[in-house]
Amino acid sequence: MDETELLPIRNFLAEIAPFNELSAESLELCCRNISIGYYSKASKIVPLSTDNPMLYIVRSGAFEVRDADDELVDRLGEGDYFGFPSLLSGEAVSNTVHILEDGLVYHVAPAEFDLLRLQCRSFDRFFNRAYAKRLRHERRYRNRETVTTNRISSLINSALLSVDHNETVIEAARAMRHRHVSSALVLDNGKLCGILTDRDLRNRVLAEGLTGEVAVHQAMTPSPVTIEAKSLVFEAMLLMSEHNIHHLPVMDAGIAIGMVTSTDIIKSQSSQPILLIREIERQQDLPSLIAVSKQIPELLQSLISADARSEEIGRILTSVTDALTRRLIVLNQALLGDAPMAFCWLAFGSQGRQDQAACSDQDNGLLLAEELDAEAKSYFQALAQGVCSGLNDCGYVFCPGDIMAQNPTWMMSLTRWKQKFAQWVENPEPKALMHASIFFDMRPVFGPVNLFDALQDSVLQGTKDNDIFLAALTGNATLESPPLGFFRKFVLERDGTEVKGIDLKHRGSALINDIARVYALSAGIKEVNTAKRIKRAIDAGVLNRKDGLNLADALEFIGHMRLANQGQQFEHRQSLSNYLKPQDLSSLMRHQLVDAFKVVHDSQAAIRLKFMRSF
Amino acid sequence: MASWRHRIGLSYQLWRAQDGLADYYAELSQVLKKDSLAGIPLVAIDLEMTGLNAQIDQIISVGIVPIEQQRLQMAGAEHRLVAINGSVGQSATIHGIVDRQLQQDVMSQQEMLHWLLQQTYGKLMVFHHGMLDITFLSKLTEQVFNRPLHLPIIDTLQIEQRRVMRDRHVIEHGSLRLAACRKRYKLPIYVAHNALIDAAACGELFLAQTAFNAWSKQPLDDYLFWF
């Protein structure tokens, strides 16, 4: 059979994960060995047989997987799979597959399925992971440093200078002077044949006693070392030091598209966030701080495009916010004079957890060493107002819930803060607790650490092993559940309803934050960052290691999706939101995101069991 | 068991046939001993021709896909090109087979007939608009066995026509074409006019037409057509 004959089948499979990972031969083998069936709604369920397990690939129609308790497990449409768990485990089929709409289904027999798994690791991993509901991203194990993992393509400056190899050196030098560059690409019929650098002009023209009339090709460095646009900045650094050169033409599909110089790399190495923070620390007034803070969205975008881990991005952005807050406090204090007593500026919520992203609002408060008299009150009132409105001007909008230091409610002495927390902990009214949960993610941004520690220690003392409080907190943490998955162009809720998109923050990351908070407070863990809380919870033995790692992976994956989505929105000049439309996702991403949701769902069930003694 | 009408019909053909064709009919009559679709090996077939006139035009390619246990078995699918006298001419624009392809490694018309009879030996053939295909094959059996091909087949077009007439009483122009039939069953759209893809498309349509019930509960008689 001619390999193009089964085009409709092959084209379909080549589009969906993990078949898109197969080599052309494996895919052809797969197409040639499938069997095709048609399932009618009239027969209600797909007869899955334990003796003859198959991988079922939905080509058209709609199916619903329900478990032994008839609970909805998944709804499947074009490009989805079922039947593989018993294929992998050899165990009896426990789920039933209901036919919602008549549909055509491709079947892959065990022999071919096993062969494909042997031939392609990522194919094998895909189904094993889906089966084990485990989420293990290679990303996690790659030691990524934001700067050195930048791609070369992000460094290329747009002002590419190229000269023809027959031009004179004088003409080339003038063009270089005009463009303020130290090098030029030399082209022969549009193809890269060399580069001309300042050093060439010195060593090969002047030092040789030649005139500027010589042709460029006599002076250039022929067949230069080049680098692919997709390479890492790190690799460019290696090449440069290896060959002792300072210029690298950047190639994309055999065409020179730019030049990177050692200066470009040094500039990129000087790490934008650090520069930005230093700049913030240098500013002397609010207007210039506002001007500097305009770079924050750009910083976020460059971090996203550098494919940094979402955890790192959160930490970096938060450290910028912290610096801005501190600078505003210092500037305001310069006007108001020294504080009448020791105080701590507290950050709550996302700033507290160090996971800020785009469009963060401010959540903060003031912790004072002593009770306020009238004079101190007016001082701190003025300070807090100055800082909060300054933050607002810099793009961190006022908290809609008014959880801000300028609100007298959240400007309290240590004793009164302790009382406030004790009130939440000892009398965990679910509704009040729901609003209060962000206070438990607190971190001092400014002020003496021991003052903060005094508060945090007393809070954790109250929460640790406090069954009633933890049960209430768990109840709140599991009110919302992640969606079940995707179905066609919709997000499928657990009750089977469909919505057009998913809020990755409130139905994803926030749920994991809530879970981690419960564990941290139960074990008296001081960390507030969610990833660190999970890690400490594993160390403390309150969270099973495997579940903990899965949860951390889910956090990173959902966070990454959220940022990548915002990166897309930014590129398309849309306003940034946490709202993801499933049609924008690749097949693999959809599957991975569903895995992440499953992990969150299972973790919710685990805390419900552990802290509420319920299922 | 299929009704006496079909069995007698085939026995008559068997009695009149000779040699290879007789053997073929004898094996087919075994199939007619079954009374439901269950357990009957089927083969979905599509022929591409240079035109629609069996007297002038010739077969240029054949695609076959076996159907077993209510499933298309792609492992047994075959696509063969057939040598013709003269040029593919205008029809090349429809099925994309150009003369050059036909010259390399192709069967003669007679070889193709033998091959097809071998592939469908003891099986029921499934066509969409089988009358046309049988007419072309019949012309070949006349050359080889001196007998027209006359046998019961399954025809998805006939099945569909019966359904549409039962449901709506009116058959609109073009509503029985393969693509139009598939659309009614929400089957995916395939690029038409490759014999193998069309054979698979026809096979899938038959699965869809008969999916409402297990094949063991569907009388064979309901699906037999003679041309």
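## Burial and overall build

A residue is called buried when its relative accessible area is under 20%, exposed when that area is over 50%, and partly exposed in between. By this criterion, buried residues make up 52% of the 615 residues in chain A. The model is a predicted one, and the values in this report are to be read accordingly.

Chain A contains 25 helices and 23 strands. Its C-alpha trace spans about 90 × 80 × 40 Å along the principal axes. Of the contacts in chain A with a separation of 6 or more, 71% are accounted for by residues 24 or more positions apart.

## Surface and charge of chain A

The accessible surface of chain A amounts to about 28,100 Å², and carbon and sulfur atoms contribute 51% of that area.

Chain A carries 65 positive and 77 negative charges.

## The interface between chains A and B

How many residues of each chain take part in the contact between chain A and chain B? On the side of chain A there are 24 residues, and these are in contact with 21 residues of chain B.

The size of an interface is often given as the accessible area lost when the parts come together. For chain A and chain B, the buried area is about 1,800 Å², with 60% given by carbon and sulfur atoms. The count of salt bridges between chain A and chain B is 0.

## A cis peptide bond

The peptide bond that joins A:Ala17 and A:Pro18 is cis, with omega at about -5 degrees. A:Pro18 is placed in the loop between helix H1 (7–15) and helix H2 (24–33) of chain A.

A:Asp402 is not a glycine, yet it has a positive phi of about 60 degrees. This residue is found in the loop between helix H17 (374–393) and strand E17 (411–413) of chain A. Is A:Asp402 buried or partly exposed? A:Asp402 counts as partly exposed because its relative accessibility is 34%, a value that falls between the cut-offs of 20% and 50%.

In chain B, B:Gln69 is also a residue other than glycine with a positive phi, here near 50 degrees. Its place is in the loop between strand E2 (59–68) and strand E3 (71–73) of chain B. B:Gln69 has a relative accessibility of 74% and therefore counts as exposed, the cut-off for that class being over 50%.

Conventions:
Residues are numbered from 1 along each chain as its sequence is written. Chains are lettered from A and ligands numbered from 1 in the order in which they are written. This is a predicted model: local features need pLDDT of at least 70, side-chain atom pairs count only at pLDDT 80 or more; totals for chains, interfaces and linings use all residues. Side-chain values use heavy atoms; hydrogens and water are left out. Helices (H or I, at least four residues) and strands (E, at least two) are DSSP runs, numbered from the N terminus. Buried means under 20% relative accessible area, exposed over 50%, partly exposed in between (1.4 Å probe, protein chains only). Contact means heavy atoms within 4.5 Å. Accessible areas come from the Shrake-Rupley method with a 1.4 Å probe; for residues, only the protein chains shown count as cover. Lys and Arg count as positive and Asp and Glu as negative; His and the chain ends are not counted. The place of a charge is taken as NZ of Lys, CZ of Arg, CG of Asp or CD of Glu. Buried area is the accessible area (1.4 Å probe) that two parts lose on being put together, summed over both. A salt bridge is a side-chain nitrogen of Lys or Arg within 4 Å of a carboxyl oxygen of Asp or Glu.
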